[in-house]
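Hi everyone, thanks for making time.

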Amino acid sequence: MNALKTIWAIGLISFQEGLRRRIIYGVVLASLLFMSFAVLISGLFMRDIVKIMLDLSLSAVSVSGLLVPFIVGITLLSGDMEQRTIYTILAQPVSRAHYILGKYLGFAMLTSLIMGILTGATIVTVWGSSHLYAEHFFTSLSFSAIFLSSLMSLLAVLVLNSAMILWCCVTTSSFLATLLTLATYLIGQTVEDIIRFISLHIAGAEVSGLVQKTVQVALYLFPNLAAFDFKQQAAYGLPIPLHEVILLGIYGAAYITVMLLLAIVIFNKRDLA
Amino acid sequence: MKKWLFVLIIAASAGTSWLCVHQLYAIQNKRPAEEFSRLVFLPNSLIRAGSLEFKGIVADYLFLKLMVLHGERLLDRKELSKTERQISYKALLQITELDPRFWDPYLFAETTFPWEGEMVAETNELLERAVLALPNDYRPNYFIWFNYYYFIKDPKKAAPYMEKASRMQGAPEYFKNLAARMRVYSGELQAGIVFLQQVIRETSSASERELLEKRLFSLQALELLESAVREFKKKNSRLPADINELITGGILKKIPPDPYGGEFFLMESGRVYTTSALAHAKKKTEDNVPAND
């Protein structure tokens, strides 16, 4: 019980620290402006007005969510080490594992808040636009698909947050941790496409067995972030299969657990002096 | 800082900025027209992987660039060169590879290439992709039918597509009649009129509607003249000597104008054609876009 309270307290402090970063407000404001721009630009297209609007708005939701693992999370974690506030925290009856889990909880709350606000703004944008454009452009609109797509994007960022925490535990350099998180994101988004390309066996573009094996290993080692992307389904109001959502939920939870446990093991062995 | 100096600096900077805006606008206007996005020339697999989770937005961007390029040419009344049309087609392949359910690129291809560049086979190839990506949508089959029937003049190949389209949910009721008449009646003009009416109903852009309506009026004029010729033949057991005999023979009160500025004339076969070939006289552009081979 005490452990949960400690984790919650650290999580809350990290969340509040994150909220103090002005960059978050800047990005949320920019995303809201981008969504307004989406309403205007979608009118330039012939028919797929909702698709354009949702492409732009849901991309803004994703980009804003990525702000936490790429910028806010890393600066907060490395800030604790560099400004030595971590000693004050660990001097309390707080274990290193509690610290890691608490930090993760704080970042998860921050990511959920940002992406939640922007998903709400997306729904308001589309709803508002339905008064601007003719009704028949909105026949494919599905608010449940928008909600599920954003939920899956949130899960993808939560997975990336756990990888970011692991990299922050592995290296003392915040720059290197950012690069490693970026690499995780890029590999996670592209590895499926690369495997699909290799499996095509295109003449003249043969891939060596070693590369094939490496890519296969990468698929299991790095999070398959592309699988969490349902933006196109949301843009066309297509149903998102429940079994896929459940499977991704299990996959995400399992991956986050592995990353955080590894992070705890590494952080426990790390010399903070 | 003194107040007057502060005001002076602000006023001078604002004035300079205002002047720059005008100068920059003038420079921009002198620059060459919109060009193809360089992304179009990348291999499909690379652009797909590089778009990460933003494939939809990249497809939107590429399509917007393509529309602007074609729109500028339309405004300048400059025809796209063969190479430019081929690059446009490549761009559409890229866009539909990134987002196969994006309907606008298919519609854009259908209302552009066959009418202007005779790239009917390529348009059908693109539409076949839409048939797979949008299995419950009647429009891709309907467009392929139209292309085979109207442009390629192959009713045999066209018929299955109309039959497939007519069975789909949301397809207009008259499709069933059209599908039934396909094999017995060679009504190219009627097919064209029905097609254009359908597209106009779905078009929101005023400029695009205007363009399509002009084409529709010209087909309706041709249809009116051809049915008048048939009526004249029925009445007089011969074809009229020229188009004006339809007026003197009491079939028509006047010859409708060709919206493209041409003049209608009667062929020996009894078919009516126009000197405009249903297009404005266009300025040819130089074939100055690099090929991607």
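Let's start with chain B. Take the contacts there (heavy atoms within 4.5 Å) between residues at least 6 apart in sequence: 60% of them join residues at least 24 apart. Before going on, a word on the source: this is a predicted model, where local features need pLDDT of at least 70 and side-chain atom pairs count only at pLDDT 80 or more, while totals for chains, interfaces and linings use all residues. Residues are numbered from 1 along each chain as its sequence is written, chains are lettered from A and ligands numbered from 1 in the order in which they are written, and side-chain values use heavy atoms, with hydrogens and water left out.

Chain B has 12 helices and four strands, taken as DSSP runs numbered from the N terminus (helices H or I, at least four residues; strands E, at least two). Of its 293 residues, 47% are buried, meaning under 20% relative accessible area with a 1.4 Å probe, protein chains only.

Now please find helix α3, residues 55–76, and helix α4, residues 82–98, both in chain B. Their axes, lines fitted to C-alpha atoms over the stretch in contact, come within 8 Å and cross at roughly 155 degrees. That makes α3(B) roughly antiparallel to α4(B), the word for angles over 145 degrees, on a scale from 0 to 180 between N-to-C directions. Among the residues making this contact are Leu62(B) and Phe63(B) from α3(B), and Leu92(B) and Ile95(B) from α4(B).

How do α4(B) and α6(B) run, parallel or antiparallel? Helix α6 covers residues 120–133 of chain B, and its axis crosses that of α4(B) at roughly 5 degrees, coming within 11 Å. The two are therefore roughly parallel, which here stands for angles under 35 degrees. Leu92(B) takes part in this contact too, with Leu126(B) among the residues on the α6(B) side.

Phe63(B) and Leu92(B) come back in the largest nonpolar core, which has 156 residues; they are among those touching the most other members, as are Ile100(A) and Ile165(A). Such a core is a set of buried Ala, Val, Leu, Ile, Met, Phe, Trp, Tyr and Cys residues joined through side-chain atoms within 4.5 Å. Apart from it lies another core, of six residues, including Val191(A) and Phe222(A).

At 0% relative accessibility, Asp104(B) counts as buried. Leaving aside residues up to four places away in sequence, Asp104(B) touches Phe63(B) and, from chain A, Phe45(A), Met46(A), Arg47(A) and Asp48(A).

Notes
Buried means under 20% relative accessible area, exposed over 50%, partly exposed in between (1.4 Å probe, protein chains only). Angles under 35 degrees count as roughly parallel, over 145 as roughly antiparallel, 65 to 115 as roughly perpendicular and the rest as oblique.
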